[in-house]
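Please look over the sequence and the model below before reading on.

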Amino acid sequence: MNTQFFAAWIEEIAAAVRSRRDHLTQLDAAIGDADHGANLDRGFTAVREALAAASPQTPGALLVLVGSTLIRKVGGASGPLYGTAFREMGKAFGDAAEVSLAELSTGLNAALSGVQRLGAAAEGDKTMVDAFAPAADALAQAVRDGVKPQEALEAAASAAEQGAKATVPLQARKGRASYLGPRSVGHEDPGAASTALLFGALRTVAAR
Ligand code: ADP
Ligand code: MG
C-alpha cells in the first residue's frame, strides 16, 4: 500500500463522515452534546485541504499531517484522540514508500495504543476503543493466518462494526457520556460508530 492508497483511504473517510454526519450527531445527541458528526466533518474537510496543499510523499508523512490537522481543527475529545491515532500510525510507518499488510497492522496497533495512552479507556468503557481494539485484533489475527489483504480488511471492518453495535448495552465510563451514568445505556457510542466508518473505508479502498 502506497501514498496513493492512504490518500484514497482518507478521501473515503471524508466522504463517509460527510454522508453519516447527521447520524453521528444524532448518536451524540443521545449521550453527549450532539457535535460528533460536525466535529469530524469539519476535521476531515480541513484534512482534505491540508493534503491538497502539501501533497505529502510517503504514507507516514501523509498520516502525520492528517493527525496534526485533526488535533488542530477538531474540538472535543475525538479530535486529539483521532489525531493521535493517525499521527502514531504515520510515525510507525517511518519514511517507507510502501506499507505491507503486516506493517499496516502494526501501525493500527500503534494508533490504538496512542488513543489509550491519551484517553485511558479500556475495552468495555463505551468509547471508540470498543470498535478500534477488536478491529486491530482481527487484522493482527488475519496477518498471522496469512489471509489476503482484502479479506483481512473485511475482517477488521466487520469486527469494528460489531464492536460499535456492542456498545449499545454498555454504561459509559469515559468521556462526556459517562456523566449520564446508567442513562448512557441503550445507545450506540458515537466514537465507536465513527471508528467503524474508518475501518469500513479501509475495506472499501482495498476492494477497488
Ligand atoms: P466531545 O465528547 O468532547 O463532544 P466528540 O463528540 O467529538 O467529543 O466525541 C465523542 C466520542 O469520543 C465518544 O463517543 C467516545 O467514543 C470518544 N471518547 C471520549 N472520551 C474518550 C476517551 N477517554 N477514550 C477514548 N475515546 C473517548
Ligand atoms: Mg460530542
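A crossing of two helices is called left-handed if the near helix is turned anticlockwise from the far one by less than a right angle, and right-handed if it is turned clockwise. By that convention, α7 passes α8 in a left-handed crossing, and the contact is made by Gln-150, Leu-153, Glu-154, Ala-156, Ala-157, Ser-158, Ala-160, Glu-161 and Ala-164 of α7 together with Ala-192, Ala-193, Ala-196, Phe-199, Gly-200, Leu-202, Arg-203 and Ala-206 of α8.

This is a predicted model, in which local features need pLDDT of at least 70 and side-chain atom pairs count only at pLDDT 80 or more, while totals for chains, interfaces and linings use all residues. Residues are numbered from 1 along each chain as its sequence is written, chains are lettered from A and ligands numbered from 1 in the order in which they are written, and side-chain values use heavy atoms, with hydrogens and water left out.

**Terms for the helices**

- Helices (H or I, at least four residues) and strands (E, at least two) are DSSP runs, numbered from the N terminus.
- Axes are lines fitted to C-alpha atoms, for helices over the stretch in contact, and angles run from 0 to 180 degrees between N-to-C directions.
- Angles under 35 degrees count as roughly parallel, those over 145 as roughly antiparallel, those from 65 to 115 as roughly perpendicular, and the rest as oblique.
- Contact means heavy atoms within 4.5 Å.
- In the classes used for contacts, Ala, Val, Leu, Ile, Met, Phe, Trp, Tyr, Cys and Pro count as nonpolar, Asp, Glu, Lys and Arg as charged, and the others, Gly among them, as polar.

**Helix α7 with helix α8**

- Helix α7 (residues 149-165) and helix α8 (residues 190-206) pack at an angle of about 165°, with their axes 8 Å apart, and α7 and α8 are therefore roughly antiparallel to each other.
- Sorted by class, the contact of α7 with α8 has 11 nonpolar, 3 polar and 3 charged residues.

- Between α1 and helix α3 (residues 59-73) the packing angle is about 25°, with the axes 8 Å apart, so α1 and α3 are roughly parallel to each other.
- The crossing of α1 and α3 is right-handed, and the contact involves Thr-3, Phe-6, Ala-7, Trp-9 and Ile-10 of α1 and Pro-59, Leu-62, Leu-63 and Val-66 of α3.
- By class, this contact of α1 with α3 has 8 nonpolar, 1 polar and no charged residues.
- Helix α2 (residues 36-54) packs with α3 at an angle of about 135°, with their axes 9 Å apart, which makes α2 oblique to α3.
- The contact of α2 with α3 draws on several residues, including Phe-44, Val-47 and Leu-51 of α2 and Leu-62, Val-66 and Leu-70 of α3, and the residues of this contact divide into 10 nonpolar, 2 polar and 2 charged.
- In passing α3, α2 makes a right-handed crossing.

**The magnesium site**

- The protein donors of the magnesium ion (ligand 2) are Asp-28 (OD), Asp-33 (OD) and Asp-35 (OD), lying 2.1 to 2.2 Å from it.
- Donors are N, O and S atoms within 2.8 Å of the metal (3.2 Å for Na, K and Ca), and water is not among the atoms, so sites may look incomplete.
- Along the chain, the donors of the magnesium ion (ligand 2) follow the spacing D-x4-D-x1-D.
- Buried means under 20% relative accessible area, exposed over 50%, and partly exposed in between (1.4 Å probe, protein chains only); Asp-28 is buried, with a relative accessible area of 8%, whereas Asp-33 is partly exposed, with a relative accessible area of 32%.

**Single residues**

- Val-17 is found in helix α1 (residues 3-31), counts as buried at 1% relative accessibility, and touches Gly-37, Leu-40, Asp-41, Phe-44 and Leu-197, not counting residues up to four places away in sequence.
- Thr-195 lies in helix α8, is buried with a relative accessible area of 0%, and touches Tyr-82, Met-128, Ala-131 and Phe-132, again not counting residues up to four places away in sequence.
- Leu-202, also placed in helix α8, is buried with a relative accessible area of 1%, and the C-alpha atoms of Leu-202 and Gln-150, 52 residues apart along the chain, are separated by 9.4 Å.
- Gly-181 has its place in the loop between α7 and α8 and counts as buried at 12% relative accessibility.
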